[in-house]
Structure formats: structure tokens, C-alpha cells
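The following note sets out numbered points on the model displayed below.

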Amino acid sequence: MAESTTPAPGSPDQFTPLHSEREIHALTRPSLSYWQDAWVRLKSNTRALISLYLVLGLLAFTVIGPMIWTVDPSAQDVDQVSRPPGADRAARVVEPYKPWDGSVAVVDGERLQLADTPTNQAVRLIWPAAPGAESYWIYRNILPVDENSAKGLPLIELFGNGTTHFEDRLDLAPRIYYYTLVALDGTGVPVHRETLAVDVKRVVTVEEAVGRGLADSAEDLLVSDVVHLALHPLGTDYLGRDMLARLMHGARVSLFIGIFAPLLYVLVGVIYGSAAGFVGGQTDQAMMRFADFVVALPFLLFMILFKIAFGIGPGESGVMPMLVAMVVLLWPSTSRLVRGQILQIREEGYISASRLLGARAGYLILRHMIPNTMGVILVTVTFAIPSAIFTEAFLSFIGMGVAPPTPSWGSMCNDGIKTMLTTPHELIFPALLISITVLAFNLLGDGMRDALDARMRSTE
Amino acid sequence: MLRYTLKRLFQGLITVWFIATATFFAMHNVPGDPLANDKAATEEIRANLEAKYGLDKPLVQQYLIYMGNILRGDFGISFTQKNRRVNDIIAEHFPISAILGILAVVFAGLGGVLWGALTALYRNRLPDIIIMFLVILGISVPSFVVAAISQLALVNLNDAVNFSLLPVAGWGTVWHMLVPSLVLGLGTMAYLTRLMRSSMLEIVNSDYIRTAKAKGLPPTRIFANHQMRNAILPVVTVLGPSIAAITTGGFVVELVFAIPGLGRYFVQAVQQLDYTVIMGTTVFYGAFLVFMVIVVDLLYGWIDPRVRLE
Amino acid sequence: MTKHTPANQDSFTSSAGRQLLAFGAASIAGVIVLMMALSWASSLTSTGSISTDAVDVTNNTLTLFLREEPPQLNSSLSTDTVSGSVLGHVMEGLLRYDEHNRLAPGIAERWEINEDGALFHLRPDARWSDGKSLTAHDFVFAWQVALDPKTASEYSFILYPVKNAEAINKGELPLSDIGARAIDDRTLEVTFERPIAYFDKLVAFSTYYPIRQDFYESTDGSYGSDAHTLLYNGPFVISRWVHGANLLMEKNPEYWDLDRAKVDKLDFAYITSDASATLNLFKDDKIAYATLQAENLNNAMEQGWDIFRFMDGSVFYIEFNHRPERPTRNLNLRKAMLYAQDSAELVFKVTKLPGYLPGVSLFPVWLQGVNTFFRQEYPAPRAQLNLEKARYHLELAKQELGVEEIPPLVLLTGDNPISNIQSEYYQQIFSKNLGLDLKIDKQIFKQRLAKMLSGDFDLVLAGWGPDYDDPLTFADLFASFNLNNRGRYENPEFDKWVRVAQSSQDVQERMDAFGEIQQILFDDVVIIPNYERGITYVTHPQMRGMVRRAVGPDPDFTNAYIVE
């Protein structure tokens, strides 16, 4: 208000008491607190805003998702293993599977032929005994087979010339298979070879259909009806479990570790760092030396060590040990940062003023120091989230992560990597979610840094 | 300077002692039995094995013996590779991890500076958009996914040209190093690119650039002597911590590319509960990191006169 | 940005761009120099794998991989299959398995075995790789080393049929009291502790391999830890062993049968257990064989590779904890679980590899009986999936245990991919079919073993591989006196039949005993058999003669050769 009046120096009567002039205080825009200001800035940053929405979307996916998509993430559907999204789901209803002894109603065969309708339950083959054969090999291919090409999977070797039938039940999918029969003589020389194309149809038994809720009761279903197997919008994994449901439940683990671990260790760091910074002197030095020790521990090595040292009990998911290990190892960097800030703030004028007015230590820390470091702390947390998510994924990759059957994005990636070639959806979805999350938190962190802390603001 | 160095080294020694102690007690708290094997051993064999590795003594005594051995630079004998000394294991496998790490840091540093400068120069134009898209990928895709996909890409590449252009896995020649170290350095490279970019953009608007232009310096000299040089400083600052992250983060790359580095040994040792190898590796890596931090700090004082060593 | 005019801006950009280009070029040059330097530096410490092709016709070399690094190659200490495979190439025992997996003469050209002992006649031209003659003393010394309590060999028990071996191993008798004696350099006499019907099969095992005393002592405790601290007597010698990286074998010029090894060099150029890495190496024509996982089968067919399978001899099962305080001690609970699962579904829908057989018995199908296969002569009793029966037994179990609900059961499992899938599968199956709550306890190898030993589990996913080619290698597993009986199953009847099989010399009597054991295992539901493991693999079309076997060194490339 210094510019309001400028009386010439002179006698006391020239001094008139300064009365409050409200009109001068009239503000052209509403008063903004630090946080309101930050929010305005964040809102004007499109990228940060988009990433904020992404983060909210991910949280909704995790929390609300399972309420909408109520499929049990651990329910296995061994008839729909590793199905990509949008695969055909039609199945014919058949009688339950009965073991087969090789007998067949009509034998007319001079060739390798089917003894029964080929279904994904079983493919039954019979053939006439080849003269001079001492053993038979049965192969199965997914590509057409000719004289020179590879015969495919060796399914079985039958010794002697007695057995001339074979039942294949190995992981049959509804598609065309090419079965090759090779008869060998006593010295292992092929004496006969022939190939049969078999078009396998997907079937389901009445009991299975009712058990999986595909039909209300057994009476509604007749043999040779067509039903549609359970819908899996994002496909299934290696045990026929619904990917979408697993991704939602996996998000709980990944985001839980990703968000709570940083929150916790930043909290520990803030308490430790502000205590050290506030007390100062010898104590500060000693506390910081200890923090230096912990910083020096090789992070990933100790993460693994702690992980096995804590041990995971039966039925536990292993999330807690991971959380604790992260908190134990990662607090020092925050504490250093906060200490630096506190040391700086301690010298500020308003602190001295507050001290002079008799403020106690606790008040100073809570009212002045922490609020003034809040921006830095929040930015630290946001940037720590992606690295925590990566750490979880990394540990799961080397088999030190969460215990089965708990899903996490990292462990799902680890499972998916093995089937990358044949069923890429098992890798793509969890990897995509990790990437989106990491990216969203990184961009949000950038935005928050720009919005909250003028000193750390980047040029963009 | 000398006093400062000595002081730092002394502190480093205490830190290594702390690491060794923490590892020792963490290790001996791990549930499980390092001597167990598929075939159950009789009491007598167990007793003999325990005596061989000194596990029959009280924990405090084991600790003292262990500390004494570390002081003499002896990490003992491996539990799983019964006739091999941990020192030999480290001496044989650490150089491989180190080479991988050095190359990754170099790739990350050079690449980060180059891409960062390019994106700043061509801000909001095509090169910027392409590179920043790759940077986003580099930051957000987990390293093991990148490693697995790049190995697959190598196979398909060799298949396509019908010639072994680059080895798919293994270790031995220059060519074996290329892809794994690139993959290892990728994340850091992406991070440094972003850093370099914003640091470049900040400097463009600084007073001394304006002064240089007003002086009529040729753009070439402005770019090289003022812009680049000053923009690199923050990159160098974060390069130090990156070295630590990269050298201990090599497990994934070593596992995927079948590289016999120390990281892979560590993971195997943990799975086998090989006490001596785990402790030896951890203490060695800890000491290495502590030493690296000291070296990097000393280097800063030398590169950037503004940083004054106490 | 700067306030240049567009033209000015562009000239600045292009000039700076040129500088960056120069910088980039300089960096690339610098990196190349650096890589050369590093490569040179690393070649000082170790020799790496040079990328040769999988099959090298000109040098008559096969390039291969090892699943793991052999922990060491001291035959008296070795326990794992990778060491067993490597040792099988570079060492030879008194007897060995030939390419048709039949027992064949090794260092011994003739032998006689009777009730009290055995006499082995060593071939006169048997030599060590340093050219010195191999004598009967080398066998006696090797066995003494393995039995020496100070060696703490985990496989010393396999020598126990030799007289006084067990007492020596426990430190009760001096080493010199061993029941093995070199009558002269060429004749080895063995005295038995008790009659044994399968001693010829035992001496093919690696713990029975010879070790030469003067060489062993000269290595000062590091025998077998490196290529130069091991003395060879097999068809190959190890000429280079870079730990964790590669292992090179070359033909042993001192071997008595120079025609046996067909290739000059076996280059195990990679050591990796990563399934996709080995498959990628195979696809890149860098290794001559690779193991397939279920998820790679379609890919292998699309590539048009020749696919092979064989059974590696091991059986896998759910082992129950029979200790008194455990609910799984209840027979009806075990029966309920047996009838609530179907090992065929596990094999056909979950593990999905050809070569796996649905588990039926503890005795795998390949074991020999009296005249033909044991399992043909003594068909294993089968339990069909029967939910009604399962639930009936479950009700009985609840009554006997006096509980409303069976408490949660702990399923202990290892940390490999197959047991992960298996444990998740069984958890769901028993929950769906019986309403049982299984808690998966996944532990790393040594922690799982410790928990098995202390009995800290209700069910454990376990497996057993054969040590020698006789049903006894499986049959004594659940004898009350066997330390490997981690579930502490105790049944005097069972022990009785094991004793019969151990001491009888009569084939028929022994096989009958195994038949009884198989029946008891089923009636008492000691285990739930899961599967017999098969290996599906691909080989290079130019490589022939690779031998796979359930008992003995596997894989065996001694007879492998290259076709053009």
C-alpha cells in the first residue's frame, strides 16, 4: 500500500492515519490459493489433463470394472485355452466322453480312417494292419502334409502289429488337422505311410454346458443342439481364464503396489527428512549418514533378497512383502529432498517471524514447512509410481513377484511372453496397460511439476 | 581436494561395511535350507556339509569370520558350484556385465544428447514427433518386453536376409554386444532425450544466447559452444545415477540374451539360495556403486566449476 | 523460440543440423572403436562363443547348448542331469549304456556278478587322457572319495551295496575297509554288503566313475571345477570351459575305441534355460537341437521342422502329507481328491505337450518286468473321474475328522512354469469339484525342500527321476526308512515288500513285490499320479544319431554324426 499516499515530510499533523481503502483492494480476479492456482495451470495443460483422465479411467477400470464385468478371474475353461478375442464360440452339444477300446461299428477300411465323428474331445483313428510292420507312429500337423514335408507332432509310438487304433485327445482345437500314419518294420525302415485330413468340430457336453451356465438346465439341451461358449471379450489365457477379468484384478495388484508403495515411502521420507532438516546439527548429520547407507544398497538385488527373506506364506499373494521391501529401500531419496527443502525454508523470514511469535516446532513443521514442500512431494510421488509399477513387473518377470493364482500385469506379461508368437493377445493387453499407466503418470507428473513448482518448471 | 577424496573413501568403506552386514543378516533370515537337495542327505552328510561351509557355528561367530574374510578380500566357496571360489565367479562374470553396462551408458548418453538436440532443433516438426514417439515407447514399455521382441526381430531379420547378420543370443564377439546393450540403455536414452530437449529449449531463451547473437557470433559457434555445451550439463548430472541403475539392472537382458554376466548368476544364486554367491555379489556390487558415486562426484567438480567440493 | 526471421531460422537449423550430423557420425565412430576395445579386453579374460553354424560339415563340429552350467564335474559330487550328460561324454564307467540304451561293456570288458560280489576285468587299452593307463585302483580310489565323510557326497548312498560302504560314509570305519579291491591293475573285485540283483546297472552311474589319485590330489580340492582340473577317460575331453558361457568338447585321442565318437568337436556354445532363447537360436541355425514348449508347437509345425519326442523317465505326482496332525492323513479325504481329478485332462488340456502321459502309477511305463514291460505285466489300477464317489468319500472324511468343512489345505509347489500352471489348475479343480480350499504355497527350490523336509505342507507337487534302470529306484521311495519319503508315509506291509525287492535275486519274486507295492500305493492313495514327463524337441536335419534316454547321460551326442 506504499503507493497510496505520498505526503511531504514535515510536522506530525501532516500524518493522517491510513484508513482502509476497500476500493483499492477490489480485485480484478478472485483470490487464488496455491492449490487453486496449480489446478488452473494443470487444467490449461492438455497433455496433463488427458493423462489425468487416463489415470482416473484406470482407477475406474480397477475399482468399478469388476462390478460391471463380474466374470470370476480364476474360473478356468479348459476348452477355450489361449483364445484370441473374437474367436468363434459355437459348439455342438454331445454325449459325455466315454473311453474307447478301439472297437468300431463298421469296418470297411483299407485305409487310415476315422472311427467316430472327430470332435475336440477326441479324434479316433483306425487303420488296417500293414504287412511287415513292427511299430506304428502317429503324427499330427496343422499344415497339409505331403511325401517330403515334415509330419508334425509325434503323438504316439505303438509297438507290435497288434494295435491298429489310436485316440487323440491332445489339445484339440476346432480346425483341420492332418494325421499321418507311419508303419515301420523291425529295423526302423518305413514300410507304409499315409495321411488323413480331419476337420475337428467343437463340442460341449450337456453337463459342461449346464456347469458353465450356458444353459439353464439339462432338459433345455438336446444332443446336437448348438450353444455358444462363454464370451471372453479380450480372449483367454493359458488356463482358459478370462483376460478382461484378470486384467482388472491384476490392476488391483499393480496399481496397489504402484500407488501405495510410493505413498508410503514418500511419507516415511517426509517424516524422516523433515525431522532431520528441522533439528539440524549433529543429529541431522547422523540421520543423513544413515540415509546414505540405505541409498547405497543395490536396489534390485536387495529387493530380491528382501522378497525371499520375508517369505510368502501359503495362499498369500506376496504383495505385502514387496510393498514393505520397497518402503524399506526407497525412503531415503525423498528424505534427502525434503530435508533440503526444509533447510531452505528454515532460513526464510516468515519462519523466524513465526518463531518470534512463539510457534512451537510441531506447528512450524505442520503449518509452514510441509505445506511449502507439498508441491515437490507430490511431484516425487507421481514420478515414483511408474518406477514402482516397473519394479513389480520386473520382479514378476524373473519369478520373484506375486504368487499364483494372484494375477498382476507383470506376471501376466511374463506368461504372455512365452506365447508371444502364437497368441500375442496374452502379452499385448497387459503390456499395453503397463505402458499406458506408466505414460499417464509420467505426463501427469510433468504437468504437476509445471503447475506446482515454478522453479522446476520446464520450458514447454 | 585430497582430504575430501580421502574423507569420501572412508565414508564409502563404512557404507560397504553396512551393506555387508545388512546382506549377511538378511541372508541368514531367509527361510529355507541352502544345503538341501533333491535327494535327502543323511545326518552325517549334512553335518559334514555344514562344517565345510561353517554353518555349524553360532551366527555371531559366522558373522565375524565372514567379515574377516571380506577384509582379506575372500568371499568363500560357492554352495552350488562346490569347487569354485566366489572371487573367481565375480572376476569372470563381472567384466561381462560391466562391458554391457558401459556400452549401454555410452549409447544412452550419446543417443540422448543427439536425439534431444535434434528434437529441440526441429521442435514440433516431423523429426521431433517421430523421435518423441519413440521416446514415449522407450519410457513406457517394460525392458523385458523390449528385450524379447528385439530378439524375435533379430531372428526374423536374419531369416529375411538369409544370413546371420547379428547373433540372436550368446556372448563373445563385438556383434554379440550390440543389441543387448542397446536394449539395456534404451530406457535411460529415452529419459535423457527428454531431459536434453527441455534443457536445450530453456537455453535458447537465455540471456547469454541472446548476447552471443547480438555480438554477431556465427550460428555454428552459438550452437556448439553455448547451446549444446550448457544443455549437456544436466544430462551429465543424471548420468551418474543412471550408471548404477544400468549396471545392476542387467538381469533381464542377460537372461533373455543368454549372456553369462554377473546379474544372471545372482538370479540363479538366489533361486538356489547360494549364500556365499549372493553375499559376495551384493557386497561387490554395493562397493562398486559406492565407488562409482564417489568418482562421479569428483568428476562433477572437475567438469562444472560451479560445483565446489567442500 | 528465438526471434529469427524464417529464412534466418532455417539457415540456423540446417547449420546446427549439420553439426549434429557430424556429432552423430563421430559418436558412431567412437562407439565402434569402444566396442572393439571392449571386445579385445573381454577376450583377454575369456574366450567367447563364436557364432558358427549349428552343423559345420568342414570341421565336423556340432554346435549345441546346455540347459544349465554344470555346478562342477567331479563325478563323486555330481547330482544333476546336466552334469550327468556332460560327464557321460567325457568319462566312462565299468559299464555304460549304448546307443540302443542297452547295458554295454565300458572300461570293463568282462564281468561276473554273483550273490556275494562281482569281478570286473578291465580292458588293457583303457587310458586316461594324459596317456597313463587306467587301473582298477582308480575305481577303488573314486569310491573311497565319494564315501569319505569329508567329501559329503550327496549320492554316496548309491555305493552302499558295496561292503562297509555305509559304515565308511558314516565315519564308523576307515576308508581302507571298503569292499572293493584291486587284485591287480586289470582286475577289480567287489564284495557286496548283501545280495543285489542290479549291481551291473549301478556301476554305469556317474558316482561309480574312476578318479586317479595322484591327479585328484594335485588339484588341491578343485577337482572337476575347470577343464584343466579334470582327467578324462571317455570318448571326448573338455578342451575349453568358460563358466556360464560355453563348453567345448573334442575327441579324446587316448580313448580305447576311437571309432565310437563320430564328430570331432561338440561345441556347447550357449548355456541358457530360457526356452525362447534356445528356440530363437535354433531358428537362426545356431544350435542343432532345441526343446519345445507347448506354446511353440504350432510355430514348429509352421516352420516345417522334424519334431521328436521321448519320455525322460520321471514321474510327477501330488504327494500327501501323512504326518498325524495333518487332515491329509485321512484316507477318505485322499480318496475324495483322487476321484475328483482326471490326470488325462491335466495332460491333454493343460500341459499340452505330446510325450506326456497321464499319470496312473508311480512306476513309469518304460520299466522292464520279467519278460516285457512291467506295466504290461502288472497293469496299474486306475481311478476314473467320479464326482459322486469323490463326494461320498469327502462326506466320510468330514465325519471321521469331525469337522463341518475341511480346513484350507496347503499345496506346496516350486517356482517353475509347469508347476505354476499345475498348481493353479488343481486349486480350481478341487475347489470346483469338492469345494476344497487349496492355498498355493509357491517357494523357490531350497525353500520348498526345507518345507518338504519339515512337513510344512498338506500336498506337494513332487516328482521323481530314476537313478538306475530298475523299478526299485521308484519302489523304495515311500518306505518308512527312506529319507526322501517327505510325506512320512508309514506302512509295515509296504516296507516288507521293499525289503523283498531289495534283497531277492529272483526276477519273478521281485516283480511280484513291485506289483504289490503298486497296489498298496493305489489303495492307500499315497500319491495322486499326475503325469510321466515327455520331452518334445527338434533337431537339425543334418544331425543324426543323437541318443535320448531315461536312465543315464541324456542327451548323448557321442554317436551323433553329420550327413551332407
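1. Ala258(B) is found in the loop between helix 10 and helix 11 of chain B. Helices here are DSSP runs of H or I with at least four residues, strands are runs of E with at least two, and both are numbered from the N terminus. The phi of Ala258(B) is near 50 degrees, a positive value in a residue other than glycine. Ala258(B) is also buried, with 29 other C-beta atoms within 10 Å. A residue is called buried if 20 or more other C-beta atoms lie within 10 Å of its own, exposed if 12 or fewer, and partly exposed in between, with C-beta atoms placed from the backbone.

2. On provenance, this is a predicted model, in which local features need pLDDT of at least 70, side-chain atom pairs count only at pLDDT 80 or more, and totals for chains, interfaces and linings use all residues. Residues are numbered from 1 along each chain as its sequence is written, while chains are lettered from A and ligands numbered from 1 in the order in which they are written.

3. Lys352(C), although not a glycine, has a positive phi of about 60 degrees. Lys352(C) lies in the loop between helix 10 (343-351) and strand 14 (357-358) of chain C, and it counts as buried with 20 C-beta neighbours inside 10 Å. Separately, a cis peptide bond with omega of about -10 degrees joins Asp554(C) and Pro555(C). Pro555(C) is placed in the loop between strand 19 (543-544) and strand 20 (561-562) of chain C. As context, most residues other than glycine have a negative phi, and most peptide bonds are trans.

4. Helix 11 of chain A is not straight. A kink of about 50 degrees is centred on Met374(A); the bend at a residue is the angle between axes fitted to the seven residues ending there and the seven starting there. The end C-alpha atoms of helix 11 of chain A span only 47 Å, whereas a straight helix of 37 residues would span 54 Å at 1.5 Å a residue. That expected span is 1.5 Å times one less than the number of residues. Gly399(A), which follows helix 11 of chain A, has a positive phi near 80 degrees.

5. How does chain A compare with a compact globule of 460 residues in radius of gyration? Such a globule would have a value near 23 Å, but chain A has 35 Å; the radius is taken over C-alpha atoms, and the globule rule is 2.2 Å times the number of residues to the power 0.38. Along the principal axes, the C-alpha atoms of chain A fill a box of roughly 135 × 50 × 40 Å. Chain A has 13 helices and 10 strands, and 42% of its 460 residues count as buried.

6. The contact of chain A with chain B takes 31 residues from chain A and 34 residues from chain B, two residues being in contact if their C-beta atoms, placed from the backbone, lie within 7 Å. Helix 8 of chain A gives the most to the side of chain A that touches chain B, with 8 residues. The residues of this side divide into 24 nonpolar, 5 polar and 2 charged. In this classification Ala, Val, Leu, Ile, Met, Phe, Trp, Tyr, Cys and Pro count as nonpolar, Asp, Glu, Lys and Arg as charged, and the others, Gly among them, as polar.

7. Between chain B and chain C, 64 residues of chain B are in contact with 69 residues of chain C. Helix 4 of chain B supplies the largest share of the side of chain B that touches chain C, 13 residues. By class, that side has 37 nonpolar, 18 polar and 9 charged residues.

8. For chain C, the domain assignment, which is automatic or from a database, gives domain 1 (22-36 + 312-534), domain 2 (40-46 + 53-72 + 225-311 + 535-562) and domain 3 (81-218). The centres of domain 1 and domain 2 of chain C, taken over C-alpha atoms, are separated by 31 Å. Their contact takes 16 residues from domain 1 of chain C and 10 residues from domain 2 of chain C. Strand 18 of chain C gives the most to the side of domain 1 that touches domain 2, with 3 residues.
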